[in-house]
Amino acid sequence: MTAATATFASAPAGSASALMVETRTADIEVLTAGSEGPDIVFLHGVLGLEPDSDFLRVLGARTRVFAPLLPGFGAAPDAPLVRTMLDFTLLMLDVVEALPVVDPILVGHCLGGMIAAEMAAIAPKEIRRLALIAPLGLWLDDHQILDVFAMTPREITDAWYVDGARQGVPDLDDPVQLEAALIRNARQLGTAGKLLFPIPDRGLRSRLPRVKASSVLIWGAEDRYVPPVYAAAFRELLSRSSTTLVQEAGHMVIEEQPEAVADAIAGLFESSFLTGVNP
Amino acid sequence: MNFTWFNLMPWPDLPSDLRENHRSVWVDLDSRLFDPVRGHHVYNDYLDLLEFADQVGFDGVGVNEHHQNGYGLMPSPNLMAAALARRTTNAALVVLGNSLALYNPPIRVAEEFAMLDVISGGRLVAGFPVGSSMDTNYCYGQIPALLREKYKEAHDLVIRAWTEPDPFAFNGSYTQLRYVNIWPRPLQQPHPPVHIPGGGSVETYDFCIDHTYSYSYLSFSGYRRAGQLMKGYWNAVERRGVDDSPYRAGFAQTICVADTDAEAERLYAKHVDYFYNRCLHVPPAFADAPGYRTIKTIGAGVLSQYSSDNRYDQLSWRDLVDGGHVIAGSPDTVRERLEDLIKSLRVGNLFCLLHVGDMPKELCKHSTQLFADKVMPGLRDVWPEYADDNRFWPVPLPERAIPMTAAAVVP
């Protein structure tokens with residue numbers, strides 16, 4: 001009996017994707033892109049993922065991408081039973097198991113990177129190739145990660161993008177936009193807070209050495225949210241990893257330099273379970 | 001009517017450039033602004049005022065809980081209630097209250113409230129606020145999206161600890177205990193009356209009705225704006241088909257009494273200004289952590305009263321009085337306005353914020369004495385049909401211990 005079932009036909013109203021995965025604890029909407037090449041499962045970050053994202057398009061040109069939306073992001077109902085790091089990790093492992101993927105490369109950005117790293121640590125035999133893009137999950141006292149829960153939308157975009165001023169933010173003096181923004185934040189940042197509040201650390205440090213996957217760490221050189229010094233911290237704990245620093249990119253490197261990120265992920269295409277992983 | 005004398009206990013020396021040069025009065029206010037020597041006198045003055053309120057006949061004296069806050073110096077309301085338990089005689093100890101999710105384990109609340117109830121001879125009102133986002137999320141690190149669930153579990157544990165006489169195991173998501181068996185037990189049975197201070201979340205109405213708790217709305221925006229919110233509560237009462245005793249509801253109101261209306265402005269305007277200008281300075285970033293408010297409450301249009309929409313600092317004395325934020329004036333003026341408040345909101349419990357901002361002790365005693373002598377008596381019996389409703393107020397021991405006085409000890 002499977003823990004989760006994937007249904008291709010139904011999707012919640014307002015959703016652009018055609019794929020829903022039902023698990024014991026949550027219904028997960030999955031965006032898809034591409035049809036050929038290696039299978040990729042992509043876990044998004046705190047700012048969510050839009051169906052028309054450049055990154056999905058760029059990845060989809062070379063791979064078959066399945067991008068599950070975390071509870072609270074997208075049109076699927078919220079998931080009050082998904083509370084802890086373990087809950088999120090097992091939920092996503094269930095989702096991967098239900099998807100029609102073969103030996104997928106697990107890719108995670110930001111919050112999604114934190115979850116992807118945990119998945120690879122908890123299930124080292126199942127996750128054999130891992131790409132972490134500016135992942136959360138470690139905490140360095142000397143390089144403290146900004147508290148997004150105490151920042152305005154403008155402050156967040158300024159910190160996360162190299163050129164934050166070009167990003168639009170909701171006009172909070174307009175009551176209609178304010179209410180929409182409050183509801184979106186309650187759902188998205190409310191979910192993110194379960195893993196990141198008050199400090200974005202749920203103990204990954206002690207589990208990361210369990211990871212057996214071939215890994216790449218991808219970082220924007222100007223990331224002001226999770227600074228590149230964290231790449232070295234991850235590198236120390238991941239036994240089989242390499243690092244790619246992407247120029248002219250900040251924390252939102254997947255939006256700012258999607259091709260460079262896709263190139264770095266492509267470095268994993270030729271890796272397989274025969275390279276240093278016990279079958 | 002039950003009149004509770006209440007003071008937020010603000011720090012009286014916040015700098016005049018607070019808004020310009022400090023980002024918040026709450027959470028990360030510069031700790032160097034607190035001078036413990038001055039604080040010694042400030043706390044003792046405030047306790048003097050609370051004891052004075054008991055002496056002049058207030059039904060209750062109130063304390064509350066805030067953390068890391070320049071306008072609320074009581075991170076532990078139970079310590080203040082303990083300081084008052086032996087030095088007050090008749091007033092209820094209204095602890096408004098213990099923010100349940102912040103006590104680990106929650107049975108500490110059950111134990112401390114039981115101690116207060118027993119030591120005071122059954123004078124405790126037990127308040128269980130969820131707590132503001134500043135206190136619960138930013139100061140005490142509680143995950144916003146899980147806070148209400150944790151609070152609810154803590155509440156259930158406290159009520160069981162009070163009411164189940166045999167030891168029991170509690171296997172909760174947030175607390176696991178094998179032998180819950182608190183000593184002492186509360187004096188009032190089945191437990192002290194419970195008040196829930198709410199800030200607008202619509203779920204709180206049904207919670208109060210379900211458990212026969214009194215819903216208190218504590219807001220700085222004054223009674224005129226509170227009308228809509230209280231209407232929501234009374235609609236829920238009607239929908240649920242329970243009685244509409246006004247003691248099901250309470251309201252906190254800033255009140256200043258002088259001999260004349262003009263005198264009230266002369267005496268109190270600068271202290272009211274201190275409160276609204278310096279004390280209510282919270283940046284949008286700290287106002288409501290994402291996940292703190294439910295979607296339902298956001299959809300009902302309830303915004304944090306700390307949001308930058310509420311620019312209290314731009315309001316004059318006239319604005320504050322006319323808008324009902326402050327009820328101020330001669331005893332007649334105050335009595336009239338309060339009668340309007342009490343009837344329009346339909347409240348039986350009034351929490352009288354008679355100390356405001358940086359008001360000095362003697363001035364506050366003046367206002368308090370005028371209120372006790374010339375305002376309270378005329379309002380006591382506004383709800384004669386409900387005079388026997390004792391579900392929401394303490395029923396203390398008729399004969400209580402009289403604390404030994406210091407004079408008796410000197411040889």
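Analyst: Helices and strands are DSSP runs numbered from the N terminus: a helix is H or I with at least four residues, a strand is E with at least two. On that basis, B:Arg346 is found in the loop between α13 (331–345) and β11 (349–353) of chain B. This is a predicted model, in which local features need pLDDT of at least 70 and side-chain atom pairs pLDDT 80 or more, while totals for chains, interfaces and linings use all residues. Residues are numbered from 1 along each chain as its sequence is written, chains are lettered from A and ligands numbered from 1 in the order written, and side-chain values use heavy atoms, without hydrogens or water.

User: What makes the phi of B:Arg346 worth a remark?

Analyst: Most residues other than glycine have a negative phi. B:Arg346 is not a glycine, yet its phi is positive, about 60°. A:Glu248 is also not a glycine and has a positive phi, of about 50°. A:Glu248 is found in the loop between β9 (241–246) and α8 (253–256) of chain A.

User: Is A:Glu248 buried or exposed, and how do you know?

Analyst: Buried means under 20% relative accessible area, exposed over 50%, and partly exposed in between (1.4 Å probe, protein chains only). A:Glu248 has 59%, so it is exposed.

User: Why is B:His155 called buried?

Analyst: Its relative accessibility is 1%, and therefore B:His155 counts as buried. B:His155 lies in helix α6 (residues 144–163) of chain B. Contact means heavy atoms within 4.5 Å. Leaving aside neighbours within four places in sequence, B:His155 is in contact with residues including B:Phe128, B:Phe207 and B:His211.

User: What makes A:Phe66 count as buried?

Analyst: A:Phe66 has 4% relative accessibility, so it counts as buried. A:Phe66 is in strand β5 (residues 64–68) of chain A. Among the residues that A:Phe66 touches are A:Leu19, A:Val41 and A:Leu99. A:Phe66 and A:Leu19 are 47 residues apart in sequence and 9.2 Å apart in space, C-alpha to C-alpha.

User: How do you know whether the radius of gyration of chain B agrees with that of a compact globule?

Analyst: The radius is taken over C-alpha atoms, and the globule rule is 2.2 Å times the number of residues to the power 0.38. For 411 residues the rule gives a value near 22 Å; chain B has 20 Å, which agrees. Buried residues make up 60% of chain B.

User: What makes B:Glu149 and A:Arg83 a salt bridge?

Analyst: A salt bridge is a side-chain nitrogen of Lys or Arg within 4 Å of a carboxyl oxygen of Asp or Glu. For B:Glu149 and A:Arg83 the N to O distance is 2.7 Å, so the pair meets the definition. The rule finds one salt bridge across the interface of chain A and chain B.

User: How much area do chain A and chain B bury between them?

Analyst: Buried area is the accessible area (1.4 Å probe) that two parts lose on being put together, summed over both. Chain A and chain B bury about 1600 Å², 73% of it on carbon and sulfur atoms. A:Arg83, A:Ala150 and A:Phe197 supply 33% of the area that chain A buries against chain B, more than any other three residues. The contact takes 19 residues from chain A and 20 residues from chain B.

User: Which peptide bond ends at B:Pro184, and what is its omega?

Analyst: Most peptide bonds are trans. The bond joining B:Trp183 and B:Pro184 is cis, with omega about -5°.
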